[in-house]
Structure formats: structure tokens, C-alpha cells
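Take a look at the structure below. We will walk through its charged pairs, then turn to a pair of packed helices.

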Amino acid sequence: MFERAKNSARTFSWKLPKQQSSLAPEYVWSNADQDPVPLEKRTWSGLTFVLYWFSDLVTYSTWANGAAVVALGLSPSDAIWIVFVAAMCNAIPTVMNGAIGSDLHVPFPVAVRASYGYWLSYFCVVSRGILALFWFGVQSAGGATAITQMITAIWPSYAHLHNALPASAGITSKGLISYFLYHVVQTPFLFIRTEKLKYMFFAKTILVPPMALAMVIYLAVAAKDAPDFWNQKSEITGSTRAWLWLSSMTSITGGFSTLAVNIPDFSRFARRKGSQWWQLPFIPIFKIVVSIFGVVGASASKPLYGKTLWSPLDILAQWQGSSGGRAAAFFCAALWCLAQICVNISANSVSFGNDITSLFPKYFNIRRGVIFAMLVGGWAMVPWIILSNAKTFLNFMSAYAVFMAPIAGIMLTDYWFVKKRKIDVPALYDPEGIYGKCNWRALLIMVLVIVPMLPALAHKVTPDSVHIPKALSNLFSINWLYGFAASCVIYYVLNVVFPDKETLIPAVVEGYPDVVEGVTNGNESTDGDSSRAQKGLYSKASVEIKV
């Protein structure tokens, strides 16, 4: 027995077995998680995309979007228009970049190589991965609050649990226990494979909306004698109101801008090309409806509870005074907890798993990446600090747009307007392929767009320590629109003036196993060079035979 244990310890290695990639050259370490999705795993229909966004947007965070705007002093009507503009800023690049996945069936870390080059693409992957870790923790903190309300509904004394932690910890003993229990509940769900997630999305679609609607109806009826909150005026006027309006819009856009970049991680499972277009109407619809719920909740909470509550879980805390209220709080909190688990899987853990798999394929696959996200994003980054108040919450989301907007803009422009959707997929897996190691055009744009925003970002996070001119502060208020529009225009102009002709191929070179290129019989290529034809490197001569 001991000898067997010693042999197991001796043979154990963190290094994964080298897998035979269908596309990567022999000298490149890859694994099957990064290959184009095989035909049998392309299970996502247009309806699946709708359910995916339902899972992403019917959450505590989306409710808080509109409510946090009201909490900052803008009017409810301001909040709805802000959410609508932000939703369109999210929806358009998400749908267009989603075409990369549904057309080519490759994940984001591979897809971005077409516009950035093989090695420069790692900057995008690392940037997106870090943000996924932060957002994983933010969503987990929201789920922990739901656990707190569930336990309090059963044992009311839990609300008054003695705190043994110092103030510097940023969390109470009760909060830490709830956070741990949330991870106990969430962890088994993290290992559901992407092609199977649609069943989880469907369950959430059935259970969560009736609960959220019931909360809103109750609050609206209970506050019926209060002044009409839809006619409430903004507490802020003049130019201050205008810039707060734009800043809030950028913050809400930034919170979901990561998905405009990494949507190929999910759209690559599309059954048919074009399925991603279903996202275009439903992203704004879901975002606006749930944000309206938040606005109603925040506006009704002030006359009901004496203060503006921008979180639905804070509202549930007000229901713990009676047995009936505790029962309602328990069931509502349980469903908000389910909502948080779903969005953490669909938006964060899977995406980070793809990112780290592309960076360290010797040591990580998607499953190991999910575990890493749980440990580092869920714990090491102390996400409970981020959710301390409405202003901190919106400032945190603003940071997303600084990095994600130019990446989304360059990917969109490169795929649709520069390369016109004609990509050599096998070349994306080859550091010596036609897309090169570094696209200097993309690098130049990232420097021009991101670097001027860094002082403003530092000021946003630590306003007492970093001081910037008013003009730069105002520019940061529209950093998503600035970054996205500037990167699209400059990248297109650079490619017109200095085209990378080698990458402008006449037709798509497919990369998935059910398409064989340049084959006449057996494994022989029509051009006499079987290895290069099979790798798709002779784009002009390749003949696509779908089998």
C-alpha cells in the first residue's frame, strides 16, 4: 500500500499530458480545449444565446445598475436612458464579435491572434483574464449576501453574530462565513461543461423572473401612497449632471464590456452561423427590464424603509421582522443565489478557463482554470471591498472599459472591415503563421488609447491621492465610447494606408475536423504538399470539401 502511494507521488506531475492538436504545429504545446469545436459539441441554437443572456443579465448586479444611478442622485428616467444607451454599447460589439466564434468555432484567446498577432494577443488574454477574476469575486460577494439572508431567515440571531475580525479586514465574521458557504454551494456547478450549460440557463429562466417580478410588484404596491417616483427630479443639475450621466453610462457599459471581447468563447458552440444575432434585441430588453426593477426597488425603498436601497438583497434584509417576511426573504434570496451562480459560470469562470489554458497549456485546461479562478478571483482579490457602496461599485466597473473598449473595437474592425471575415484558422495556431507575432498597428492603438487614460483611472480609484485636469476627468467619463470609436477608426485607417497584404486572403480556411482542404484521395494533397495543405497554409489553392 505504502509502495503504491510512493509510486503515485513519484509519477505525479502538474504538467498535463501533451495532446495531439488538430491544428497546432508539433513544436507548439496545445490541448484539445483550444481546438475548434467539433461538430458533435456545437449545440447552441439562437434560443440558447437568449437563455445565456438571460442568465447573465437577470442578476443582482443588473438590478443594482439602475438602482445605483438613482442612489447617486439622478432621476429614475435618467437611469433607464443610461441603461438603454449602455445596453446598445454592449450589444453591437458583442453580436459582431460573436460572429468570429459562430463562423470559425474558435475561442477568444485564439480568435484575437488574427488582429493582434500570436504573442501580442497574450496582452489581451491577460487583461481579460484579470478582469474575469475580479468579476468572479464581485458576483461571489453578491451570492454570499444572498446566503446571509437565507440563514437569517431560518436563524434570526445570525444577523447579530459576534464579529471577531478587525475593521481592517473589510468583512465581518458573519460575512466571511456566508462567503465560504456560498463557495461550497457554487463549486460543484463550476464544472459543468460549456455545451451542457443551456440546461442550467433554462432552469434559471423558469425560476428567477417570477421572483424578481413579485418583489417589484410588492414594492410598488406597498409604496403606492408615496409620491410618484417616476416623476422624481434629479438632485444634481447643470454640467455636473451631464458628466455624471455619461460617467454612469460608461460604468454600466464597462461592467459587461468584457463579454464584447470574449463572446467567441461561447458563440463557438453555435450550431449554425448567424445564431449570435439573436443577442442583439435581447441584451437591451433584459438589461432595461431588470434595471427598471432596480429603479422601482430603489425609489420605493426610500418612503418604505427611510433610505434608498440599491441592492435587492438589502431590501430582503428589511423583511426579516416576521415569519411570513422571513419565508419570502429565504425563497427570494435562494433564487438570487442561483442567479449569481449562473452568471459566475457563464461570464467568468469558463472565460477565465479559456484564457489561462491558452497562456499555460502545459499546466492548465479549462477545468483547472476554473479552480484557479475560484481560489484567486474568489478569495485572494478580496472582492467584498469593491461592493462597499454604490460609488465604489460604479467606479470599479468603469475600469473595465479602459482596457476592453479598444480590444473590442480592434477585433470588430479587423474581422468585418479589414479581413472581411476571411480568416486562415490553422494559421492562428502557428507562431510562424501569416498573422505574425505582433501586429504593430494594434500595439500602436493600444498605446495611443489606453496610456492617456491611466492617470484618470488612478484618480477614479484613489481621488485623494491622484489629481488630474478637469478635461482628462471628463474624457474618462466617456472612456468606453472614446476607446471603442477611436480604436475602430484608427485601426481601419492604418490598415488602408499600411495594409498587411499577407493576411488578406481570398477565402476562409476552415479549421475544424469535418472540413478537409486540398484533398483528392487518401491523405494526398492536390498541390503535392500534404502537410501544408492540411494545415491550411495555402489559402488560395485550398479546396474545401465538407464531409
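A search of the whole structure, which is a predicted model, finds 7 salt bridges. Here are three of them, taken in turn.

Start with Arg-193 and Asp-33. Their side chains meet in a salt bridge, at 3.9 Å from N to O. That counts because the cut-off for a salt bridge is 4 Å. The two partners come from distant parts of the chain, 160 residues apart. Arg-193 sits in the loop between helix H8 (173-186) and helix H9 (197-222). Asp-33 sits in the loop between helix H1 (2-11) and helix H2 (46-57). Asp-33 has a relative accessible area of 18%, so it is buried. The cut-off for buried is under 20%.

Next comes Arg-241, which forms a salt bridge with Asp-78. The closest N and O atoms are 2.8 Å apart. Arg-241 belongs to helix H10 (residues 238-262) and Asp-78 to helix H4, so this pair ties together parts that are 163 residues apart in sequence. Arg-241 is partly exposed, at 31% relative accessibility. Asp-78 is buried, with a relative accessible area of 6%.

Asp-355 is in helix H14 (residues 323-359) and Arg-128 is in helix H7 (residues 121-154), so the bridge ties together parts that are 227 residues apart in sequence. Here Asp-355 is buried, and so is Arg-128.

Now go back to helix H4, the helix that holds Asp-78. How does H4 pack with H12? H4 covers residues 76-104 and H12 covers residues 279-305. Their axes are 9 Å apart, and the angle is about 155°. Angles over 145 degrees count as roughly antiparallel, so H4 is roughly antiparallel to H12. The crossing of the two helices is right-handed.

Which residues make the contact? From H4 they include Pro-76, Ala-79, Ile-80, Val-83, Phe-84 and Ala-87. From H12 they include Leu-280, Ile-283, Pro-284, Lys-287, Ile-288 and Val-295. Sorted by class, the contact of H4 with H12 has 16 nonpolar, 5 polar and 1 charged residues. Lys-287 of H12 is part of this contact, and lysine is in the charged class. Asn-90 and Thr-94 of H4 also take part.

Notes. Residues numbered from 1 in each chain as written. Predicted model: local features only at pLDDT ≥ 70, side-chain atom pairs only at ≥ 80, totals over all residues. Heavy atoms only, no water. Axes fitted to C-alpha atoms, helices over the stretch in contact; angles between N-to-C directions. Helix = DSSP H or I, 4+ residues; strand = E, 2+ residues; numbered from the N terminus. Parallel < 35°, antiparallel > 145°, perpendicular 65-115°, else oblique. Left-handed = near helix turned anticlockwise from the far one by under 90°. Contact = heavy atoms within 4.5 Å. Buried < 20%, exposed > 50% of the residue type's maximum accessible area, 1.4 Å probe, protein only.
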